[in-house]
Amino acid sequence: MKFEKILPSALLKPYIKHLVISEASEEQTYKVFPSTGLVMGFQYKGSLAYLSQDGENKLASTGITGLQDGFRVFKSNPNIGSVLVFFNEIGASYFLKTPINELFAESVSLEHFMNQYDLEKVEEALSFVQSDEHRIYLVEQFLLAHIIEKKDDQLVIKAIQYIYHHKGNVKIKELANLLCISQSPFEKRFRQVVGTSPKKFASIVRFHAVLDSLNQVKSLTEICFENNYFDQAHFIKDFKHFTGETPEKFMKKNDK
């Protein structure tokens, strides 16, 4: 399986963390944990679906996935190839006119947001080119042509920075007071730009802080204390919600 990260060009760095060339020759079933940014996908061969209680839900060849409340399981058919665009926390809002929170827990075709002709054009071009460099170039040119000119929401940016600084351990009412704004309008602005409520976003940030802690030589008691969990039962419940596994099972599997 191939999963190669590529940094975006200078003009796209304000919006995108990285792009990825993802390929697999065999059928794959894999789990994806919640992240803090939306992901856009361009499949140049094969097909992809996510699994739910309703069965397999096939994804469009060009689509975008919003922030998730928990883990999601994906299944690819053999010989799949995709260019994935991993936006930063506010990046997707510069390419979609719809409020980003409307994509929460959704995977939607880009045809709902962008010109059909432009999509068909980039899909066709991607199916013919042979090099990863050319694929990245085509996707970046597509994105550059669809940037929405608007002012940065500095209040939301400051809120994101504050949440990261405190590793997700924040009280939203106190954060709103700190930013000199009422809680309700603050939460509305945050959802529209980031894609979920500040409380849910903070819980995802705290989850990733926990994941980082698991890579260090620390006990579960230390991890609970450092991430402001009242007890191990609460910590295990949260971790299982985001991963589908207990911390012990997760660590054993990743130690192999």
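**View 1. E89 counts as buried, at 15% relative accessibility.** Here, buried means under 20% relative accessible area, exposed means over 50%, and partly exposed lies in between, using a 1.4 Å probe and protein chains only. This is a predicted model, in which local features need pLDDT of at least 70 and side-chain atom pairs count only at pLDDT 80 or more, while totals for chains, interfaces and linings use all residues. Residues are numbered from 1 along each chain as its sequence is written, and side-chain values use heavy atoms, with hydrogens and water left out. E89 sits in the loop between strand 9 and strand 10 (107–109); helices (H or I, at least four residues) and strands (E, at least two) are DSSP runs numbered from the N terminus. Leaving aside residues up to four places away in sequence, E89 touches K17, T36, I160, Y164, V193, V194 and F201, where contact means heavy atoms within 4.5 Å. K17 is 72 residues from E89 along the chain, and their C-alpha atoms are separated by 9.0 Å.

**View 2. S82 is a residue of strand 9 (residues 80–87).** Is S82 buried or exposed? S82 counts as buried because its relative accessibility is 7%. Its contacts, not counting residues up to four places away in sequence, are V20, I21, S22, F42, Q43 and Y44.

**View 3. Strand 5 (residues 48–52) pairs with strand 8 (residues 72–76) and with strand 6 (residues 55–58).** Two strands are said to pair if DSSP finds at least two bridges between them. The pairing of strand 5 with strand 8 is antiparallel and runs over four bridges; within it, look for L51 and its bridge partner V73 in strand 8. Strand 5 and strand 6 are also antiparallel, over four bridges, and here S52 has G55 of strand 6 as its bridge partner. A hairpin of two residues joins strand 5 to strand 6.

**View 4. N79 and N228 are loop residues, in the loop between strand 8 and strand 9 and the loop between helix 7 (220–226) and helix 8, respectively.** N79 is not a glycine, yet has a positive phi of about 60 degrees. With a relative accessible area of 44%, N79 is partly exposed. For N228, also a residue other than glycine, phi is positive and near 60 degrees. N228 is partly exposed too, with a relative accessible area of 48%.

**View 5. The second largest pocket holds about 410 Å³ of space.** On a 1 Å grid over the protein atoms alone, a pocket is an open set of points where a 1.4 Å probe fits, with protein on both sides within 12 Å along at least five of seven lines, and lining residues have an atom within 4 Å of a point. Grid points are joined across faces, edges and corners, and the volume is the space filled by probe spheres set on the points. Of the 17 lining residues, G168, K199, S203, R206 and D238 lie nearest the centre. Helix 6 (198–214) and helix 8 (232–243) each supply at least two lining residues, and helix 6 gives the largest share, with five.

**View 6. Residues 154–253 are listed by UniProt, in an unreviewed entry, as "domain: HTH araC/xylS-type".** UniProt positions follow the numbering used here, feature names are shortened, and annotations may be inferred rather than shown by experiment. Over residues 154–253 the chain is 74% helix and 0% strand. The end C-alpha atoms of this stretch are 41 Å apart.
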